[in-house]
Amino acid sequence: MEIAVLAIIFGSIFGVFYLFFSTRNKERLALIEKGADASIFIKGQPKNAAPFWKVLILNLSVLLMGIGIGVFLALILDTYSGLDSDAVYPAMIFLMAGVGLFVGFNLTKKLDKE
């Protein structure tokens, strides 16, 4: 049973990527046959955008800091309050991870403006 579920998950992921890349390839070939300029393929990326690795590192670091702060706040709440520790830890971790992602998104927007 577990093997079937695993096969379905990986098959679905493979199918999505296969359809995406094969459709994109066919679309580009059709545009080239019609004589379209090759610059339309890179039009979606602004020239002054921050490199992908900077955005990835920035968002990952802020996310991990948010998770760390979430664990720390959950430990404080668990120690000094009567709240259930089974609910406090996941709630604080997810809350602070979400705050970290939001902060990372805003920092990425500022990085792209520079």
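Phe-17 and Phe-21 both sit in helix H1 (residues 2-33), 4 residues apart, or about one turn of the helix. Helices here are DSSP runs of H or I with at least four residues, numbered from the N terminus. The model is predicted, so local features need pLDDT of at least 70 and side-chain atom pairs count only at pLDDT 80 or more, while totals for chains, interfaces and linings use all residues. Residues are numbered from 1 along each chain as its sequence is written, and side-chain values use heavy atoms, with hydrogens and water left out.

Rings of Phe, Tyr and Trp (its six-membered ring) pair if their centres lie within 6.5 Å; planes under 30 degrees apart count as stacked, over 60 as edge-to-face and the rest as tilted. By this rule there are 3 aromatic pairs. The rings of Phe-17 and Phe-21 have centres 6.4 Å apart and planes at 15°, so this pair is stacked.

Phe-21 is partly exposed because its relative accessibility is 41%, where partly exposed lies between buried (under 20% relative accessible area) and exposed (over 50%), with a 1.4 Å probe and protein chains only. The rings of Phe-20 and Phe-21 have centres 5.0 Å apart and planes at 75°, so that pair is edge-to-face. Phe-17, at 47%, and Phe-20, at 48%, are partly exposed too. Ring pairs link Phe-17, Phe-20 and Phe-21 into a cluster.

Elsewhere, Leu-111 belongs to helix H3 (residues 85-113). Its relative accessibility of 26% makes Leu-111 partly exposed. Leaving aside residues up to four places away in sequence, Leu-111 touches Ala-50, Lys-54 and Val-55, a contact being heavy atoms within 4.5 Å. Leu-111 and Lys-54 are 57 residues apart in sequence, with 9.1 Å from C-alpha to C-alpha.

Technical notes
Helix = DSSP H or I, 4+ residues; strand = E, 2+ residues; numbered from the N terminus.
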